[in-house]
Amino acid sequence: MTIYDISKKAGVSIATVSRVINGSGKVSEKTRKKVLAVVEESGYTPNLFARGLGLNTMHIIGILCVDSSDLFLAKAVYYLEQKLYENGYGCLLCCTGYQQENKEKYMKLLLSKRVDACILVGSSLVGQTLEDSRYIQDAAKEIPVMLLNAYLNGPNLYCVLADDYQATYAAADQLYRAGKRNLLYYYDSNSYSGKEKLRGFQDAMKANGVDKKEQKTLYYSGSREDIPSMKAKLAGLHQSGVAFDGIIASDDNLALSAVKFAQSIGWKIPEEFAVIGYNNSLLAQCCEPELTTIDNHLETLCSQLTATLMDVQGGKPAASRMVFPCTLLPGGTTPALERIPEHSPKRKAASAG
C-alpha cells in the first residue's frame, strides 16, 4: 500500500494524506479521521519520500563520502545518521570513491532525489582546484551544502572542522622538545585536512630551528587498509640511510605501521622511537603499547554540523565556518607529553545562508 493508494481509498488528494501523516493543522477533523482509519486498516507505514509529497521538505539529507570502509569516515557517517534521525530526518548515503567524475555523478543523483541538503564527509570530496570543487558550489545554489572537516568558501556552504593545523603543530613541537630531534611526518592525503596537518608539522619544525630542506616527510599512496605496505614504506626509507627517531602520522593506520616497523627492528618504544597517531580510532587501543593519538572529537563535529543544518533548515542565521580544537591523548608510544590545550571553537563569517 502506497500513499497513492491511501488517497484513492480515502477519496482525498495525495497532498491531504501527506498533511495528515505529517500532523498539519490544515485538515478538518472529519477528513483526518477518515484518512487515519484507512491508514490503520491498511497497515500502511509512511516512508520518508512519501511524507515529502505536498510539503516544502522531503526530510531527507544526502550524505557523500569517498570510502565508507575508512574508520574515520564510517564513524562520521554513523554519528551523522543517528543525529539526523533524532531531528526527524532520514538520509541517503553515496560512496563516491576518489574519482572526480564519480563525485560529480553522485552529487547529481542526490539532487535528483530532492534531498533537503547534502553533507560532504571528509575533505577528499573538496577538489584540489577550483574547477574540481565547482560541483559543490553549483549544488549549493540549489540546497545547503554542509562540509565535515573540510573547507570551501561560498554562498550556502557551511563548514565544521577540526583544527588539524594547531593539533599537529602542538604534537610535533612537544615531541621535538621531549628529545626526538629527527622527526618524520608520515601522511597519505593531500586533501585540505591533509595539507593543514602537513603545514602544522612544517611550522613546528621551523619554530624549533629545523630548516625546511632538513625536514623529513614521507607520503604513502597505497591502500589505507594495507598496514604491511605502510610498514614496508618505512623500512625502505630506513634502509636508504634516512635517520628518524619519531613519527607524527596523519592517521592511526600509519601510526600503527610505524609501531610495527620499530618493533621489527628491535627499537624500544618510546625510549628509542616515538609515534603519534591521529583520529583516536579503535586502532589506538588495539596497538601495543597503546598509541599516543590526537582526538579530533568527531562526535562533537557531527553534533555541531547537524545543529548548524537544523538552524539553516529553520531559517536561522548560521556560521559558515566553525573550527574546533583537538586533544592530544598521551599513550605508551611517546615520552610523557601534555594534553594539547583546548580553546573555544572559532566561528567565522556568520551568515543566514
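Author: The lining of the largest pocket has 24 polar residues, 13 nonpolar and 13 charged. In this count Ala, Val, Leu, Ile, Met, Phe, Trp, Tyr, Cys and Pro are nonpolar, Asp, Glu, Lys and Arg are charged, and the others, Gly among them, are polar. The model is predicted, so local features need pLDDT of at least 70 and side-chain atom pairs count only at pLDDT 80 or more, while totals for chains, interfaces and linings use all residues. Residues are numbered from 1 along each chain as its sequence is written, and side-chain values use heavy atoms, with hydrogens and water left out.

The lining comes to 50 residues, and Asp-70, Phe-72, Leu-73, Tyr-98 and Arg-224 lie nearest the centre of the pocket. About 1000 Å³ of space lies in this pocket. On a 1 Å grid over the protein atoms alone, a pocket is an open set of points where a 1.4 Å probe fits, with protein on both sides within 12 Å along at least five of seven lines; a cavity is a set from which the probe cannot get out, and lining residues have an atom within 4 Å of a point. The points are joined across faces, edges and corners, and the volume is the space filled by probe spheres set on them.

Six helices each supply at least two lining residues: helix 5 (71-86), helix 6 (100-112), helix 9 (192-207), helix 11 (252-264), helix 12 (282-286) and helix 13 (298-313). Helices (H or I, at least four residues) and strands (E, at least two) are DSSP runs, numbered from the N terminus. The protein has 13 of each.

Helix 5 gives the most to the lining, with five residues. Its 16 residues should span 22 Å at 1.5 Å a residue, and its end C-alpha atoms are 23 Å apart, which agrees; the expected span is 1.5 Å times one less than the number of residues. Phe-72, Leu-73, Ala-76, Val-77, Tyr-79, Leu-80, Lys-83 and Leu-84 of helix 5 are buried. They cover an arc of only 170° around the axis, so they sit on the same side of helix 5; the arc is that of the directions from the helix axis to the C-beta atoms. Tyr-85 and Glu-86, on the other side of helix 5, are exposed. Buried means under 20% relative accessible area, exposed over 50%, and partly exposed in between (1.4 Å probe, protein chains only). The buried residues of helix 5 pack against strand 1 (60-65), strand 2 (90-95), strand 3 (117-121), strand 4 (145-148) and helix 13. Contact here means heavy atoms within 4.5 Å.

Asn-280 lies in the loop between strand 9 (274-278) and helix 12. Its phi is positive, about 50°, although Asn-280 is not a glycine, and at 24% relative accessibility this residue counts as partly exposed. Pro-289 is in the loop between helix 12 and strand 10 (292-295), and the peptide bond that joins Glu-288 to Pro-289 is cis, with omega about 0°. The loop between helix 11 and strand 9 holds Pro-270; the bond to Pro-270 from Ile-269 is also cis, with omega near 5°.
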